[in-house]
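Here's a quick briefing to read with the model open beside you. Take a look at the structure first, then we'll go through it topic by topic.

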Amino acid sequence: MHGAWVLRSAEIVVDGTPGVLVLKGEDLSAAYPGMVRYTLEFRRGDTVLYTYLTNTYEYPPANPQTAESVALTAFHRLRQELPGRPDTFVLHPPEPVVRPLPPHRPEAAVIIQGSPRLYGNSAILAGWAADACRDAGMRCETLYPAEMRIEPCTGCFRCYNAGRCVIPDDMPAIDRALAEAGLVIVCTPVYTETVPAALKVVIDRCQAYRAGRVLAGGETGRQAGILCAVAGRKGAENFVCVSRVVGSFFRFIGAEMLGEVRVDGADAVSDIRATAGREAGVRAELRALIARAGR
Ligand SMILES: Cc1cc2nc3c(=O)[nH]c(=O)nc-3n(C[C@H](O)[C@H](O)[C@H](O)COP(=O)(O)O)c2cc1C
């Protein structure tokens, strides 16, 4: 999918057996402008014994190093030192290769409930959305980012090395659910015009999810997205920013936005179920949108 070229290659003998040390570059500009990933490998035949990965976005402007200078230094150092002391470097299994991704399952839905209030209006919306998914014959899982341990993205861009985030927290559960789901529903309140912090953290951390998809390449089929948003105040203007943020999230992960369900004026009633006819209306909107996900 992306162009690759060899920068350096050398045959070296390690433990009495020859192998090849190769440094290659790969164009990842499909992910970000000018992004290049460098892969340094020591291999014997098809067996990779050592891998070192770095990419250009790991080095911010004021860092005196560049990905290429680091990769070339690593190449020269390994070329000199690997034959004499392989155990210093070849200590652990090499980085697993990025595996091809399974296709999205049309019958699987994931709901991301973005409010920290477990018993709030977004949770009520999430319940109606889950009912609509099940009525449409889908399997549905609901995730609560505010209840999970998910750290903010640090912008290290190391996810574009091997398609994984280096932060050890609960994010892989969300990545797995997104990878499987044919339908992603984000239920969120409006917080200061945008989404609550825990949901924003999840959205930013989807860098690694996207990196995995860019690096694996291939087709994973259709994924659809629906936004369900609730605002305390009345009026369409309260949803402008949330629509943009969640729309951008769907585009970023490759999901097609099917539409939005908006509930405004929630603060005047406290419980959105208190407004006559609202529940039936929202459930009908959800049914119609979810029916489009299956097409
Ligand atoms: C920190 C905070 C910021 C909010 N900012 C907005 C806002 O900018 N616009 C708005 O219409 N409502 C705002 N609200 C009101 C919520 O959107 C509203 O109370 C909603 O029903 C909360 O949903 P939940 O019960 O799912 O948490 C805010 C609420 C909180 C707690």
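Which residue forms a salt bridge with Glu193? The partner is Arg233, with the closest N and O atoms 3.4 Å apart. Before the rest, a word on the ground rules. This is a predicted model, so local features need pLDDT of at least 70 and side-chain atom pairs count only at pLDDT 80 or more, while totals for chains, interfaces and linings use all residues. Numbering runs from 1 along each chain as its sequence is written, and side-chain values use heavy atoms, with hydrogens and water left out.

**Salt bridges**
- The structure holds 18 salt bridges (a side-chain nitrogen of Lys or Arg within 4 Å of a carboxyl oxygen of Asp or Glu).
- Glu193 sits in the loop between strand S7 (181-189) and helix H6 (197-216), and Arg233 in the loop between strand S8 (224-230) and helix H7 (240-253), so their pairing ties together parts that are 40 residues apart in sequence.
- Helices (H or I, at least four residues) and strands (E, at least two) are DSSP runs, numbered from the N terminus.

**The two domains**
- The domain assignment gives domain 1 (4-89) and domain 2 (105-293); such bounds come from an automatic or database assignment.
- Their centres, taken over C-alpha atoms, are 38 Å apart.
- Eleven residues from domain 1 and eleven residues from domain 2 make the contact (heavy atoms within 4.5 Å).
- About 890 Å² is buried between domain 1 and domain 2, and carbon and sulfur atoms give 56% of that; buried area is the accessible area (1.4 Å probe) that two parts lose on being put together, summed over both.
- Zero salt bridges turn up across this interface.

**Around the ligand**
- The ligand is surrounded by 17 residues, the closest being Ser115, Arg117, Ser122, Thr192 and Asp267 (a residue counts if one of its heavy atoms lies within 4 Å).
- Ser115 has a side-chain N or O atom 2.6 Å from an oxygen atom of the ligand, and for Ser122 a polar side-chain atom lies 2.7 Å from a ligand oxygen atom.
- With Asn121 the backbone is involved: one of its polar backbone atoms is 2.8 Å from an oxygen atom of the ligand.

**Pro102**
- You'll find Pro102 in the loop between helix H2 (86-89) and strand S5 (105-113).
- Leaving aside neighbours within four places in sequence, Pro102 is in contact with Ala179 and Thr220.
- Pro102 and Leu40 are 62 residues apart in sequence and 27 Å apart in space, C-alpha to C-alpha.

Conventions: Polar contact = N/O pair within 3.5 Å; in protein donor to acceptor, adjacent residues only side chain to side chain.
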